[in-house]
Amino acid sequence: MTRQRVVITGIGGVTPLANDIQTTWKKLLAGESGIAPITLFDASAFDSRIAGEVKNFTPETYMTPKQTRHMDRFTQFAVASAKMLLDDSGYTITEQNAFDTGVILGIGLGGLHTLETWHAKLLSAGPNKISPFMIPMLISNMGPGQISIFTGAKGANIVTTTACASALHALGTAYSEILLGRATAIITGGVEATVTPLGVAGFTALKALSTHYNDDPTHASRPFDAKRDGFVIGEGAGLLLLETLSSAQARGAKIYAEVVGYGASGDAHHMTAPRADGEGMARAMANSLREAQVDASAIGHINAHATSTMLNDATETTAIKAIFGQHAKNVKISATKSMTGHLLGAAGGIEAIFTALALHEEMLPGTINMENPDPSCDLDYITNGSEHVACEYAMCNSFGFGGTNASVIFRKWQG
């Protein structure tokens, strides 16, 4: 097979900062936080009562009221983001290219809203009151499935579920499919909507969520800070259109960046904790560098996984040092979860968009709330606001429970 070059020609999404990418990006560069008290349910009895919610989202802007009733919130996010992505890209799905256009999304948990609603109905009214739409609404592959139905994309239709690495694994899979000539274009990225009683209670029980900043939510997500006490759960979607370079050039498409490397690995260590030496994380980064055929010294920027948990941030720092050596001190690192919270299965999608935009616009987002530097986290985390820096290569990292790791490398598009 002829090895294809793969570029990003469209972006779309909804985030805790805004219901479109352009506004999200402006707020991110301005250092704004999208974290606030939970409004989607009564969280007054919960130890963690804050989240990065998508605010004022109106699904009827993108679909009929009947269609919204037959979709979980995560699927509504997916369809809306796909429509924004296609508008942004100018890519039209036709009878001629439908079979060469796929949808590969990362989704960590799927339809918790639906599951909780109908479980309550089961307990209160019995099994005969369960909706026939319950299963189709809650299964995670309905995200790419509904995008396919709405857009007509008939190529590979897949969901990857690898916890918080889901979206970046989806992007890597989509990249690989195009690289091998199996598709011309793929809608990829991630989506998640698990700000629900069960979702928040479950992560709180794991001692994973921040509980010390309920009265000061915008300061709760503080990656690499010595006073970090857990991540802030978030929701939303970040989708990208990956396309062959030849297809993009033939239609005169705008190109945000080129995808040049993908690496994945497993820790083989623990259900929820990373290896203390960062070996698995480091191997994913090394694999992406090998795929991209570039030395670590070529990377100018990293959008770190940086969840604001004690274990992750220190371990990721250790892993970066292991791979980058002395150059680690020169790499500009962004921890954008400080502003969006942790979008779980969608995190790698929105953060891949941020990484591509950082290259495209030569603006690197800052990291907010790093007020008390952790001595074990001693790299350049861009703590004084966004910076105007031109880089040729940038890396995006995502790591998940089960010891699953992903890294993707992007190259600035220079025409």
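Helix α11 contributes the most to the lining of the largest pocket, with three residues. The model is a predicted one. The volume of this largest pocket is about 440 Å³. Its lining comprises 24 residues, of which T272, P274, T309, N312 and F401 are the closest to the pocket centre. Two or more lining residues are given by each of α11 (310-324) and β13 (393-400). Sorted by class, the lining of the largest pocket holds eleven nonpolar, ten polar and three charged residues.

The second largest pocket has a volume of about 180 Å³. It is lined by 14 residues, and R3, E258, V260, E291 and A292 are the closest to its centre. Elements α7 (166-179), β8 (257-266) and α10 (279-292) each supply two or more residues to this lining, with the largest share, three residues, coming from β8. The lining of the second largest pocket is made up of seven nonpolar, two polar and five charged residues.

Seven aromatic pairs were counted. One of them, between F203 and F231, is edge-to-face, with 5.5 Å from centre to centre and 70° between the planes. F203 belongs to helix α8 (residues 197-205) and F231 to the loop between α8 and β7 (236-244), so this pair ties together parts 28 residues apart in sequence. Both F203 and F231 are buried. Elsewhere, F57, Y62 and F77 are linked into a cluster by ring pairs.

Residue T101 is located in strand β4 (residues 101-106) and is buried, its relative accessible area being 0%. A polar atom of the T101 side chain lies 2.9 Å from the backbone oxygen of N97. Beyond its neighbours within four places in sequence, T101 contacts Y91, I93, A153, K154, G155 and A185.

Key. Residues are numbered from 1 along each chain as its sequence is written. This is a predicted model: local features need pLDDT of at least 70, side-chain atom pairs count only at pLDDT 80 or more; totals for chains, interfaces and linings use all residues. Side-chain values use heavy atoms; hydrogens and water are left out. Helices (H or I, at least four residues) and strands (E, at least two) are DSSP runs, numbered from the N terminus. Buried means under 20% relative accessible area, exposed over 50%, partly exposed in between (1.4 Å probe, protein chains only). A polar contact is a pair of N or O atoms within 3.5 Å; within protein, one must be able to donate a hydrogen and the other to accept it, and residues adjacent in sequence count only if both atoms are side-chain atoms. Contact means heavy atoms within 4.5 Å. Rings of Phe, Tyr and Trp (its six-membered ring) pair if their centres lie within 6.5 Å; planes under 30 degrees apart count as stacked, over 60 as edge-to-face and the rest as tilted. On a 1 Å grid over the protein atoms alone, a cavity is a set of points where a 1.4 Å probe fits but cannot get out, and a pocket is an open set with protein on both sides within 12 Å along at least five of seven lines; lining residues have an atom within 4 Å of a point. Grid points are joined across faces, edges and corners, and a volume is the space filled by probe spheres set on the points. Ala, Val, Leu, Ile, Met, Phe, Trp, Tyr, Cys and Pro count as nonpolar, Asp, Glu, Lys and Arg as charged, and the others, Gly among them, as polar.
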